[in-house]
Amino acid sequence: MEDITTNMPEPILTERFDAALAYASGAHREQVRKGSFIPYVSHLLGVASIALENGADEDQAIAALLHDAVEDQGGIKRLEDICARFGDRVANMVADCTDDLEGTKTAVSTPSEKKREWRERKKRYIASLSQKPPASLEVSLADKIHNAAAINTDLRALGEAVWSRFTGGKVGTLWYYSALADAFGGIIPGRASERFCREVDEMNELSL
C-alpha cells in the first residue's frame with residue numbers, strides 16, 4: 001500500500017511564523033485600531049490572511065505580521081531586531097512597508113506641520129513603489145486592502161465622523177487611497193490590485 005504521507009507537500013508555514021505571530025502580538029500589545037478598542041493585532045492577522053490568500057510565502061506572511069512594528073513600535077532598533085530574528089528578506093520587506101523609515105517616531109510637530117509632512121511623506125511613498133520588489137509590494141497591498149475595507153466598514157456604520165481619525169482628513173485620505181489604487185494597478189495588476197480598487201471605489205462612493 002502506498003504511503004500517502006510521502007506525497008504530501010511541505011507545510012507553507014512553520015515555527016518561524018508561530019514565533020513571528022507571538023512577536024507581533026507582544027510588540028503591539030498596548031496598541032488598538034484608530035478610534036476603537038479593537039486590539040491592533042486584529043489588523044496584523046487580517047493583513048497576513050489577505051497576503052496568504054493571494055499566494056504569499058512564509059517570509060511574506062511574517063512580514064505581513066510585522067509590517068507596522070518599525071513604524072509604530074521602535075523604529076530602526078526594532079528593524080534590526082526583526083532582521084536578527086527573522087532574516088534579511090523579512091526585514092527588507094518590513095522596511096519597504098514603512099512610509100518614512102528614517103523619520104519614524106522622531107519628529108515633534110504642530111498639527112499643521114504634521115499635515116504637510118503627512119502629504120509629502122505619502123507622495124514619496126507612492127513614488128517609491130515602482131522601485132520596490134514584487135514581494136514587498138504584495139505585502140504592502142495586503143495592508144492597504146485591509147485598511148480600506150476597515151474604513152469602508154466604519155463609514156457604513158459611523159458616516160463622516162470616521163475622517164476625524166486620520167491625519168489627512170477626508171480629502172487627504174481619499175486622495176491617498178485613490179493614488180495608491182492607481183499606482184498598484186499599474187505596477188502589479190491582478191486579483192489583489194483589483195480587490196483594492198473595488199474597496200477604494202466603494203470608499204469614494206460612501207463619501208459622497
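In this predicted model, D81 is partly exposed, with a relative accessible area of 28%. Its partner is R85: the two side chains meet in a salt bridge, with N and O 2.9 Å apart. R85 counts as exposed, at 53% relative accessibility. Both residues belong to helix α5, where they sit four residues apart, or about one turn of the helix. An α-helix has 3.6 residues a turn, so residues three or four places apart point the same way.

Helix α5 itself runs over residues 75-86. From first C-alpha to last, its twelve residues reach 16 Å, close to the 16 Å expected at 1.5 Å a residue. Its buried residues are G75, L79, I82 and F86. These cover an arc of only 60° around the axis, which puts them on the same side of α5. That buried set packs against α1 (15-27), α3 (58-66), α4 (69-72) and α6 (88-96). Turn to the face pointing away from the buried side, and the exposed residues K77 and A84 show up. After α5 comes G87, with a positive phi near 100°.

H43, L44, G46, V47, A48, I50 and A51 are its buried residues, and they pack against α1, α3, α8 (134-158) and α10 (191-206). Here too a glycine turns up just past the end of the helix: G55 has a positive phi of about 100°.

Back to the charged pairs. A search of the whole structure turns up twelve salt bridges. One of them joins E202 to R156, whose closest N and O atoms are 2.3 Å apart. E202 lies in helix α10 and R156 in helix α8, so this pair ties together parts that are 46 residues apart in sequence. Both ends are partly exposed, E202 at 27% relative accessibility and R156 at 49%.

Another salt bridge pairs K170 with E160, at 3.4 Å between the closest N and O atoms. K170 is in helix α9 (residues 169-187) and E160 in the loop between α8 and α9, ten residues apart. K170 is partly exposed, with a relative accessible area of 28%, and E160 is partly exposed at 44%. Elsewhere, salt bridges with shared partners join R16, D57, E58, D59 and R89 into one network.

Disulfides are another matter: the search of the whole structure finds zero. Among the cysteines, C83 is partly exposed, at 25% relative accessible area, whereas C97 is buried, at 6%.

Methods: Residues are numbered from 1 along each chain as its sequence is written. This is a predicted model: local features need pLDDT of at least 70, side-chain atom pairs count only at pLDDT 80 or more; totals for chains, interfaces and linings use all residues. Side-chain values use heavy atoms; hydrogens and water are left out. Helices (H or I, at least four residues) and strands (E, at least two) are DSSP runs, numbered from the N terminus. The expected span of a helix is 1.5 Å times one less than its number of residues. Buried means under 20% relative accessible area, exposed over 50%, partly exposed in between (1.4 Å probe, protein chains only). The arc is that of the directions from the helix axis to the C-beta atoms. Contact means heavy atoms within 4.5 Å. A disulfide is a pair of cysteine sulfur atoms within 2.5 Å. A salt bridge is a side-chain nitrogen of Lys or Arg within 4 Å of a carboxyl oxygen of Asp or Glu.
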